[in-house]
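Student: I would like a close look at a single part of this model. Please keep it brisk.

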Amino acid sequence: MKLLKKILFTVLIAIGIGVLIAMDIADRDVFYSRHIPEEEIKEFHFYKTIEEVQEAYARNYKNPEYSFPRGNVEKVKIYKNQFLTSRITSRTLSNENAKSTIDFLNDPHNFDWGETTWSLKESEYILRFFDKQDNEIGKVWLCIEGCGMTESIPFSPSMKFGGLSNVGRENLDSLLKRINEN
């Protein structure tokens with residue numbers, strides 16, 4: 001009977017650790033396919049040249065249908081992208097910092113057209129955007145050091161291909177400094 005209790009206890013601990021790891025991966029990464037609406041594919045991806053794609057993005061910078069995060073934001077949380085401690089290090093942004101963050105992400109001057117080849121695991125921070133029902137409506141990964149890239153769900157043309165411009169790097173540094181002071 002003691003052996004059965006030890007086995008059961010060991011199995012329960014292993015399951016608990018597995019659940020924690022799965023929750024951490026769900027918070028910090030994307031392990032599901034992203035659905036891209038058909039009208040979005042037609043608007044942004046059916047072009048032959050990069051210049052045509054850039055023109056399609058530019059036409060939609062101010063289009064409220066594609067502004068990030070495409071919903072009413074009740075709160076914004078910032079996470080350090082660290083294994084198993086991301087939830088512990090999360091902080092809810094003040095209303096002022098949340099608005100500044102959304103404004104930053106929807107300003108095309110903060111982004112350029114550079115190549116964005118990096119892994120989400122390289123990001124230092126993750127921003128998660130929630131509605132009134134506490135449903136996640138947006139997520140942004142920030143790779144700052146030596147990278148200067150972002151990745152967002154949902155996509156927004158204002159963020160171009162995700163690369164930060166020089167102005168965007170300065171603005172993001174200033175924004176993160178304000179967030180970390182609070």
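In which sense do strand β5 (residues 136-143) and β6 pair, and over how many bridges?

Tutor: The model is predicted: local features need pLDDT of at least 70, side-chain atom pairs count only at pLDDT 80 or more, and totals for chains, interfaces and linings use all residues. Residues are numbered from 1 along each chain as its sequence is written, and side-chain values use heavy atoms, with hydrogens and water left out.

Now the pair. β5 and β6 run antiparallel, joined over five bridges. Two strands count as paired if DSSP finds at least two bridges between them. Strands here are DSSP runs of E with at least two residues, and helices are runs of H or I with at least four, both numbered from the N terminus. Val-140 stands opposite Ser-152 in β6. The two strands form a hairpin with five residues between them. In this hairpin, Gly-146 takes a positive phi near 65 degrees.

β6 covers residues 149-153. Four of its five residues are buried, so the strand is mostly covered. Buried means under 20% relative accessible area, exposed over 50%, and partly exposed in between, with a 1.4 Å probe and protein chains only. For the chain of 182 residues, the buried share is 40%.

Where does the hairpin sit in the chain? The chain has five helices and seven strands. Their order from the N terminus is α-α-α-β-β-α-β-β-β-β-β-α. Of contacts between residues at least 6 apart in sequence, 65% join residues at least 24 apart. Contact means heavy atoms within 4.5 Å. The C-alpha trace spans about 70 × 40 × 35 Å along its principal axes.
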